[in-house]
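Okay, thanks for making time, everyone.

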Amino acid sequence: MLEYSSKYFAEERNQSLHEVGVERPRSDVQGHVTGRTQFYADRNFPGLLHLKMVRSPHHHARIKSIDVSKALKVPGVVRVLTAADIPSNIYTILCLIQVEPNDEPVLAFDKVRYKGEQIVAVLADSQRAAREGAARVKVVYEPLPAVFDVEEALKPGAPLVNEYHGRNWFTYEGHHCRRVRHGDVEKAFAAADHVIEEKYQSSPIEHAPTETTGCIVVPDSNDRFTCYSNTQALYFTLDNSALILKSPFHKLRLVGGTVGGGFGGKVDVIVEPIAFLAAMLARRPVKYEFSREEEMQVSSPRAAERIYIKDGVMNDGRIIARKVRLYVDAGAYSRHSPYGTTKAAAHMPGPYTIPNVWVDSHCVYTNRTPSSAMRGFGVTIGDFALEVQMDKLARLIGMDPMEFRILNAYRDGDLKAHGKETTGAALVECIQAAAQLADWPIGERYKAMSSQRKGA
Amino acid sequence: MNRIPLRFHLNDAEIGEFIDSGTTLLSLLRDKLGLTATKSGCNQGSCGACTVLINGAPQLSCLVLAARCEGKSVATLEGVSDNGTLHPLQRAFMDGFAAQCGFCTPGMIIAAKALLDRNPDPDRGEVIDAISGNICRCTGYEPIIDAILAAAAEMRGGKRKSA
Amino acid sequence: MAKQRGRGMASVNYPTGMNLGGDPSQALIHATTTGSFVVTLSSVDLGQGLKTIMAQICAETLGIPTDNVIVDTADTDTGPHCMGTFASRGTHRIGNAIIMAAKEARAVLLEVAAEELEVNAADLETDGKGNIQIKGSPGKSISVLETALAAHFKHGRTISGRGIFLQPRSYPEPETGRMTPATCYAHACTVAEVEVDTETGEVAVLSLKSAYEVGRALNPRMVEQQIVGGAWMGISHALYETTEPYYPDRAHGPVDFNEYLMPGPGDLPKFENVVIERPAPDGPYGAKGVGEMTANSPIPAIANAIYDAVGVRIDSLPITPEKVLRALKAQAA
Ligand code: FES
Ligand code: FES
């Protein structure tokens, strides 16, 4: 059940709209209900090769040797690809927005840094032959000590996960974390009626789109290559692929746009570069799609986060200081985590006006599947921590949790911790509307408050 | 793998093919016959995207060997809309905004059709049971349940079950 | 041993667009000979309905029916650059690019119509139904179709437009973190009601009652899709989902939907939602990005409701029956 309320902000709304603000049928829905919507995998190409990846069974190991000879003897196997075939094997997705350094191999060669890391690609006429070939690739490993806990990883002497960083954290302009400094939290803690510090933790979460990540690359007649992909970002994929392949950009073409759910899981550029290369070398169409198991355990999940929040609160309900230490478990490689970690810092201290804020937001490398973007990237887990913390604070001082939030909610004109002035605030009104919907009693004083002016 | 002959009814057409004995029905439909409405979401029997009807009963085509369909009747979403006339379930999914990405939709509609074919007047719980093997990651299921109930009502001539 | 009920709430905000900006998107629009308008993009529809919303925005700006807009997207040989579909950026960034392109196309459309009607373009308006008329005297008009034909075959003009939207990149100040993460924020508040089985540790969500502030709901039914689907994902995150159940231990990772748990159609609460709108000055017709945020407020609201029900705090996600039972046991001890 959904209702539109025109009670709030009526004067700010343009009332003369015709084609937006009104219900229109989805333009794609007839295709969906008839099964005619064409997803990337609904295309068939004669001569299609299937790509199956040989993956690391170890969390952290040195690769001593790779022997593909038995795989090549499997009937139907056409060829294999190893790191030596990749023109520019070390990359990082966000190099396009100047995030450095390149820290991830397309195919691992000297070391594997997480269980499931891709090492050898096997191309074959059928899925069965590709699987069989992959099973016959012999990789000899020397297991290395692994680190799985973000705070353990930061300690001196912890196993080094990623040599390209030289340390187990991403460096932000000389700092070991993304910082926010606003006011003086320590002074405020000393003046606060209550100070509490709490710890929050999440585990990795899978996007679980019903359509797994994948693509088909088809050589065309003029030495160009078309990739039918379910990526969430065509140019990201094209540009990264061209850099990895050292290919002129114009030789590559991405076609997509119809995707069976993404939720952030299809922003990484994992399947396309290797499929492009395979199609270039084999001169045949190549399909690389994640199995459900690969989607679950090998594709990037939402990062696990550990968050410590220390608050200073007054008996009258005002929060006067918030200190946050946040650890994003990036797994073995950066992918989008350096960006998400900054976004997490920018999101603190939540939609509340707090005069003293201190944030250290760490992007930490561990020997697990690299994490990446997911719906609510950098925010969802922070909101869990913040809002459970708000509940604890309200109970601590004996205030109603709705009234406590309304009191502290940001208003237009308030200064945020990252130095911007608040505009367009509407948290107070959302809380009031939810209170009404749920028959949650709040005091008249709080019902009268507004985001547009400071309440009494 | 052996090549074996296979004859079966598919959406009221007669199919005769030589297939590899290990071919799944899903692979036969999608890769060989080019009928791609039936989706592959896991290829391991855990998502429901590949649901088809075999002799009227909903089955996961990724788990069924094509050879087991000998002489049987298989129905896929391609056969549900006759000559471009949409089935009430299809219209109800459209009107009810019951599809987002659309990847689960073919399996959902087939599972729902199996239910309505044998029980034209299901209650909410029966609808839930019928689609509980079908994963949807987008919609939160509620609009799908509502759409199936709306289609059932329409097929009964607009008569609503006393709630 | 009993089933205990409780309720809790949470309120959140969510930034629209890529954090720190620097994420452009473009749109090209042209009229066909017969007055349909093609929007060419390289943007991706993940199922959220981008193609529909972009057609609506184009139609609104041009002053024509949505049905006359064709969205042609996601081929890098034809579509101009788009940063991608993520960070709740699609509606805002691409929508703004379309408005810019559609304004340019509309200006040409009205110029050609003005020549045909032998009036000033400034005196013309669209009727939203496919005609262009003189303001105040609807009698004198020309259809968009005739105008497009005339533009092509008589005037040799292209009715087209180019659009781009870029929120310039902000670089955080390294010492203080001063930065511009986003220009507008959506808001939400959820009240969750739960029932906790103290014998099994299982949590059932009975209802989720939420208010969402979305800037402007460009297609209300599609906003509802995001809200219900997102709230469901919130329940799922709160109580079920993880690829590493014993994090940071890597063991026991699920590999299919039998092991990776999510609420099924039989586990739904009662959803009640209210939408409020405070238009964003820089949003297309005021819209903000809302798709991601809808999953966020239910998670802490459920955690807080569990505390309200049984008096134990589970500060780690997901809140599994095992964690609830262990906490109840510790509480009793
Ligand atoms: S593809 Fe058959 S159940 Fe998933
Ligand atoms: S609509 Fe996307 S999985 Fe159901």
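So, C:Arg221 makes a salt bridge with A:Glu23, and the closest N and O atoms there are 3.7 Å apart. By salt bridge I mean a side-chain nitrogen of Lys or Arg within 4 Å of a carboxyl oxygen of Asp or Glu. That pair sits in the interface of chain A and chain C, where the rule finds 12 salt bridges. Before I go on: this is a predicted model, so local features need pLDDT of at least 70 and side-chain atom pairs count only at pLDDT 80 or more, while totals for chains, interfaces and linings use all residues. Residues are numbered from 1 along each chain as its sequence is written, chains are lettered from A and ligands numbered from 1 in the order in which they are written, and side-chain values use heavy atoms, with hydrogens and water left out.

Staying with chain A and chain C, there are 72 residue pairs in polar contact across that interface, both residues at pLDDT 80 or more. A polar contact here is a pair of N or O atoms within 3.5 Å; within protein, one must be able to donate a hydrogen and the other to accept it, and residues adjacent in sequence count only if both atoms are side-chain atoms. On the chain A side, helix 10, residues 380-397, gives the most, with 9 residues. Helices (H or I, at least four residues) and strands (E, at least two) are DSSP runs, numbered from the N terminus.

How many residues does the contact take from each of chain A and chain C? It's 125 from chain A and 124 from chain C, with contact meaning heavy atoms within 4.5 Å. Together the two chains bury about 10,400 Å², 55% of it on carbon and sulfur atoms. Buried area is the accessible area (1.4 Å probe) that two parts lose on being put together, summed over both. In chain A, the residues that lose the most area to chain C are A:Arg26, A:Tyr235 and A:Arg375, together 8% of what that side buries.

Now over to chain B. Here 26 residues of chain C are in contact with 23 residues of chain B, and the two bury about 1,800 Å² between them, 60% of it on carbon and sulfur atoms. C:Gln225, C:Phe257 and C:Pro265 lose the most area on the chain C side, together 34% of what that side buries. The rule finds 1 salt bridge across this interface: C:Glu241 with B:Arg137, closest N and O atoms 2.7 Å apart. The largest share of the chain C side, 10 residues, comes from helix 4, residues 220-239.

Last topic, the holes. Rolling a probe the size of a water molecule over the atoms shows where empty space is left. A cavity, on a 1 Å grid over the protein atoms alone, is a set of points where a 1.4 Å probe fits but cannot get out, and lining residues have an atom within 4 Å of a point. The structure holds 8 cavities of 30 Å³ or more. The largest cavity has a volume of about 800 Å³, a volume being the space filled by probe spheres set on the points, which are joined across faces, edges and corners. Its lining has 47 residues, with C:Gln48, C:Ser88, C:Gln226, C:Gly291 and C:Glu292 nearest the centre. And here's helix 4 of chain C again: helix 4 gives the most to that lining, with 6 residues.

Terms used. 1 Å grid on protein atoms, 1.4 Å probe; cavity = no way out; pocket = protein on both sides within 12 Å on 5 of 7 lines; lining within 4 Å.
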